[in-house]
Amino acid sequence: MKAVVVRTPGTPDVLEWVTVEAPRPGPGELVIDVRATGVNKADLLQRQGMYPVPADDSPLLGLECSGSISAVGVGVAGWAVGDEVCALLNGGGYAQSVSVPAGQVLPKPANLSFVQAASLPEAACTVYSNIAMLARLKPGETFLVHGATSGIGSFASQWAKASGARVLATAGTPHKVARSAEFGADVTINYREEDFATEVWKATQGHGADVILDIVGGPYLARNVRALAAGGRLVMIGGDVSPTALDIGELMAKRGSVAATTLRSRSHRQKAEIVAAVRANVWPMVADGRIRPIVDTVLPMHDAAQAHQLLADGKVVGKVVLTV
């Protein structure tokens, strides 16, 4: 089969579309003939040699895909060859075929194209595991999301709004601020022109944000803590991981909490639990249109270098998707 490989870490032009060995399903696995795969920031980091691949995972890029099942391994129940699916992958999505544990596979929503379906698994699993399962955002609470027009941010805004939360969103350009309102944000903040912590306090009449989803990391830590409500929960899922001072006194005074997580390093069992929760609690929202995929650009998979450059340039709203 053909796949995108990285022989040496570097700039987008190191990505090569070459022939590699096709996967076979191990026990408890499926093989999916890939129709489309979503591009994520983690892919860019891996290409640069900055995102180590966990042991036993595919060294190929790609953490989500859509397609049709072409082979079923021993011990797999509930799936058959020909089923149209999408999946949270352990790598390998930038290819014509990929093997994946059956517990990480979702049915392709009937109302979505393969391109749309490929844009959802990573964002859906990241958002639901962090905001629903960990931070336990409740209806009526205030939710602040940074990077509101990213793949994660646009999904998080829609899910939080559909779940009954009030959504505050930050973005860095007038265009992205306007687009973030389309995804369910009740209050939009241009972080280049306004101090988001101050704006959160204004917008909530001094209450603060009950839950914050952060993709910026260290540079936002102090302001995120300042923006938290009493009992607030800050979840950090990316960005600058350099050592950063934390005002523990302020956090204690607010009875707040800070969690930092990644999805890729979780065990197959943990990923299967997250995927099952997404299927039960998020997929109905996708089916009835409360959550819609936001796809900015679609490119053929052999143009993966162009896709990486688009994402690196920071002008994308939603997801970039590669097709076979």
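## Pocket, cavities and a helix contact

The second largest pocket has 19 lining residues, with P23, S58, P59, G91 and S99 lying nearest its centre. The model is predicted: local features need pLDDT of at least 70 and side-chain atom pairs pLDDT 80 or more, while totals for chains, interfaces and linings use all residues. Residues are numbered from 1 along each chain as its sequence is written, and side-chain values use heavy atoms, without hydrogens and water.

On a 1 Å grid over the protein atoms alone, a pocket is an open set of points with protein on both sides within 12 Å along at least five of seven lines; a cavity is a set where a 1.4 Å probe fits but cannot get out; lining residues have an atom within 4 Å of a point. The second largest pocket holds about 340 Å³ of space (the volume filled by probe spheres set on the points, which are joined across faces, edges and corners). Strand 6 (residues 97-101) gives the largest share of this pocket's lining, four residues (strands are DSSP E runs of at least two residues and helices H or I runs of at least four, numbered from the N terminus).

The whole structure has two cavities of 30 Å³ or more.

| Cavity | Volume | Lining residues |
|---|---|---|
| Largest | about 60 Å³ | S119, L120, A123, G151, S154, F155, Q158, R292, P293, I294, K319 |

Helix 4 (residues 151-162) contributes the most to the lining of the largest cavity, with four residues.
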